[in-house]
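Here is a short tour for someone meeting this structure for the first time. Have a look at the model, then read on.

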Amino acid sequence: MSLPVILVTGGAGYVGSHTVLELLNNNYTVVVVDNLVNAHKDKGADLPEALRRVERMTGRTVYFHSVDIQNKEELTRIFNHYKIDCVMHFAALKAVGESCQIPLTYYQNNITGSSVLLEVMKNHGVYKLVYSSSATVYGIPQYLPLDEKHPTGQGCTNPYGKSKYFVEEIMKDLCSSDPLWAIISLRYFNPVGAHESGEIGEDPLGIPNNLMPFIAQVASGKLPRLQIFGSDYNTHDGTGVRDYIHISDLSAGHVSSLKCILKPDYTGFMAFNLGTGKGYSVLDVLKSFEKACGKKLPYDLVPRRPGDIDSSYADATLSKKTFNWTATKGIDDMCQDTWLWQQKNPNGFKSQ
Ligand code: UFG
């Protein structure tokens, strides 16, 4: 019996490509649609570079289509061509700061894109979807660790975070309207790291906004110094605390949740945290990275970044209970793998 066919939207991106690798390693057939807004494809190549490497690593085929999920006609063609069993939906814009400058672009991509996708799924009788959500939907934590019962949507301060919250709400309404729908929303904490081979990893556009890729570029000499945003937070050393999760643990979490949602009797909307349950401060991460790269890294303590919170970390027991997933890798693995990826690919997926 052949294994199910999974459509991965945004499969050429950071989380998407690592999940495609995990899906292929678990023998699923994988179809990817991606508009390449945040992925590199060499001139004349059939595949974005990340997926070309995934094919090489697995010896399996990725069925790739350069399609924007907002384009209903093109998406319909994909659903007509393949008999899709489940969708994994990653395609979205994700830069918090940028989302405050161009909110309409974020709402169109993330919300309109998701609703077009859901409509095309419904038209083709495909009712199972795993959604790439974020712990940002919890807003300012009312308590820690954050479990899935924590209120969402209150204190989401930027259009990116709101778009993740709104799409979850749309999905809840859809599941209430028709019991055929089965949707799992995975709320990621802070995904970092790279595949242990150093072949695929995070390839940010321009200067990184996030901590780990920024530190990696300081370590490689591309950026001069790290700026630590805020040293007066209510945390053990005054710098912000987050629940960093290794990208390979995160992608394994997707495949575990997929096995659960593919059960014929699984229906309705459920949200799950993907995190380790442990919090590390900016200085903790820096120290671990210094260990990985074998040198001291220069930094300045600067004022807080607007919209940041003191601490955020997960209660991930529901994912463990429901689909038997737990994170296995620690902060040192995350830093070592990021450093290997950075050294092997100083220009990300671009050859020069
Ligand atoms: N930080 C610095 N210097 C930097 C970058 C970050 O000190 O150059 C600090 C931040 O202030 C924060 C920590 O490092 O304390 C982590 O910051 P990131 O930007 O890496 O991550 P965030 O927690 O701000 O946001 C991430 C994702 C969002 C997602 C959120 C979920 O970027 O997409 O986690 O909680 F919504």
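## Helices around α1

Helix α1 passes α2 in a right-handed crossing (left-handed would mean that the near helix is turned anticlockwise from the far one by less than a right angle, right-handed that it is turned clockwise). The two pack at an angle of about 25 degrees, with their axes 10 Å apart, and α2 covers residues 49-58. That makes α1 roughly parallel to α2; angles under 35 degrees get that label, over 145 is roughly antiparallel, 65 to 115 roughly perpendicular, and the rest oblique. Axes here are lines fitted to C-alpha atoms, for helices over the stretch in contact, with angles from 0 to 180 degrees between N-to-C directions. Helices (H or I, at least four residues) and strands (E, at least two) are DSSP runs, numbered from the N terminus.

What about α1 and α8? Helix α1 (residues 14-25) and helix α8 (residues 247-261) have axes that come within 9 Å and cross at roughly 60 degrees, so α1 and α8 are oblique to each other. Here, too, α1 makes a right-handed crossing as it passes α8.

## Where the model comes from

This is a predicted model, in which local features need pLDDT of at least 70 and side-chain atom pairs count only at pLDDT 80 or more, while totals for chains, interfaces and linings use all residues. Residues are numbered from 1 along each chain as its sequence is written, and side-chain values use heavy atoms, with hydrogens and water left out.

## Another helix pair

Helix α7 (residues 211-219) packs with helix α9 (residues 282-293) at an angle of about 40 degrees, their axes 11 Å apart. That makes α7 oblique to α9. The crossing of α7 and α9 is right-handed.

## The ligand's surroundings

How many residues surround the ligand? There are 18, and the closest are N210, Q227, R242, R305 and D308 (a residue is near if one of its heavy atoms lies within 4 Å). Strand β8 (residues 226-229) gives the largest share of this shell, four residues. By class, the shell has eight nonpolar, seven polar and three charged residues; Ala, Val, Leu, Ile, Met, Phe, Trp, Tyr, Cys and Pro count as nonpolar, Asp, Glu, Lys and Arg as charged, and the others, Gly among them, as polar.

Now for some atom pairs. A polar side-chain atom of N210 sits 2.7 Å from a ligand oxygen atom, and one of N190 lies 3.0 Å from an oxygen atom of the ligand. F229 uses its backbone: an N or O atom there lies 2.9 Å from a ligand oxygen. The protein covers 89% of the 690 Å² of accessible area that the ligand has on its own (Shrake-Rupley method, 1.4 Å probe).

Most residues other than glycine have a negative phi, and most peptide bonds are trans. N27, in the loop between α1 and β2 (29-34), has a positive phi near 70 degrees. A cis peptide bond joins L144 and P145, with omega about -5 degrees. P145 is found in the loop between β5 (128-134) and α6 (159-177).

Technical notes. A polar contact is a pair of N or O atoms within 3.5 Å; within protein, one must be able to donate a hydrogen and the other to accept it, and residues adjacent in sequence count only if both atoms are side-chain atoms.
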